[in-house]
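Student: I am new to this structure. Could you take me through the terms used for it and show how each one is decided?

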Amino acid sequence: MDFIAGCIGGAAGVLVGHPFDTVKVRLQVQSIDKPLYRGTFHCFQSIIRQESLSGLYKGIGSPMMGLTFINAIVFGVQGNTMRLLGQDTPTNQFVAGAAAGAIQCVICCPMELAKTRMQMQGTGEKKSSRKMYKNSLDCLVRIYKREGVWGVNRGMVTTLIRETPGFGVYFLSYDVLTRSLGCEPDDRLMIPKLLFAGGMAGIASWISTYPVDVIKSRLQADGVGGVHQYSSIADCVRQSIRREGYMVFTRGLTSTLLRAFPVNAATFATVTLVLMYARGVEDGPKDCEPAQPSHHTQIQQQAQPSSL
């Protein structure tokens, strides 16, 4: 039931956060010479006006498909790592989270590649006349046929660099915040505290790895239309800094931070409600009790995938 609750909570997080993610990607990869968007809110308005509301949900099939697998990997790896380490300490939470983040890249990288390509497809068009990809799965199949396994895993190194410390920071931040706030089973404010801790942990995680995410998005969007602009990670960094300065690493950050909090709030609220419904009001909240390390760890595992 914990796993099912985590998956449902993660799905809720994707539904809430995907529009913000679409805006983030559009801002990260738009041309500096001919920018389509002036900022986060202008990007939102333009997508809705030019492509309708569905434009904000382009590429949502990919994260939805990968959600179950990512939850399974993070849940298993983080839990087993914590048991292997023996003690529920902030340091161990970081190590366990980092391990989970690294291993789930196997699913995360292809999933985000398809998501990015779908989000860029038909930019500025309400009804795209030429659709390169029918859906996320078709996108991956076509990339595989053209570029092989290497093409499907484009951006794997940057994904690994982002996800490993990113998941570590998330679990560490969430652990420190929940301990500081005091998540007691009889506290009437327990759920708001969990939502706050999860949202702030997601924000901390994104801030710590955001520059890498910009490079990852650019590498995964590179090659659309058959033209490759970057030859490597270092080349992408050099070209980006030379043309746009160091502020390039903050492109789309506003929409990302706006997304981080509600996504975690939606995930934690859904997970908690599902657990309370399944186990009864008495048992559900106890999953958050700091005195029970295994339960405390489970809530973090369930919410993490969709927070990043």
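Tutor: Of the 308 residues of the protein chain, 54% count as buried, where buried means under 20% relative accessible area, exposed over 50% and partly exposed in between, with a 1.4 Å probe and protein chains only. This is a predicted model, in which local features need pLDDT of at least 70 and side-chain atom pairs count only at pLDDT 80 or more, while totals for chains, interfaces and linings use all residues. Residues are numbered from 1 along each chain as its sequence is written, and side-chain values use heavy atoms, with hydrogens and water left out.

Student: How many helices and strands does the protein chain have?

Tutor: The count is 11 helices and 0 strands. Helices are DSSP runs of H or I with at least four residues, strands are runs of E with at least two, and both are numbered from the N terminus.

Student: Why is serine 52 called partly exposed?

Tutor: The relative accessible area of serine 52 is 22%. That value lies between the limits of 20% and 50%, so serine 52 is partly exposed. Serine 52 sits in the loop between helix H2 (40-51) and H3, and has a positive phi of about 70° although it is not a glycine.

Student: What makes isoleucine 103 partly exposed?

Tutor: Isoleucine 103 has a relative accessible area of 44%, so it falls in the partly exposed range. Isoleucine 103 belongs to helix H4 (residues 90-103). Leaving out residues up to four places away in sequence, isoleucine 103 touches Ile73 and Val77, contact being heavy atoms within 4.5 Å.

Student: Why is H8 called roughly perpendicular to H9?

Tutor: Helix H8 (residues 190-221) and helix H9 (residues 233-244) pack at an angle of about 105°, with axes 10 Å apart. Angles of 65 to 115 degrees count as roughly perpendicular, under 35 as roughly parallel, over 145 as roughly antiparallel and the rest as oblique. The angle is in the 65 to 115 range, so H8 is roughly perpendicular to H9. The axes are lines fitted to C-alpha atoms over the stretch in contact, and angles run from 0 to 180 degrees between N-to-C directions.

Student: Which residues of H8 and H9 meet?

Tutor: Ile215, Arg218 and Leu219 in H8 meet Ile233, Cys236, Val237, Ser240 and Glu244 in H9.

Student: Where does H8 bend?

Tutor: The bend is at tyrosine 210, by about 65°, and proline 211 follows within four residues. A bend is the angle between axes fitted to the seven residues ending at a residue and the seven starting there.
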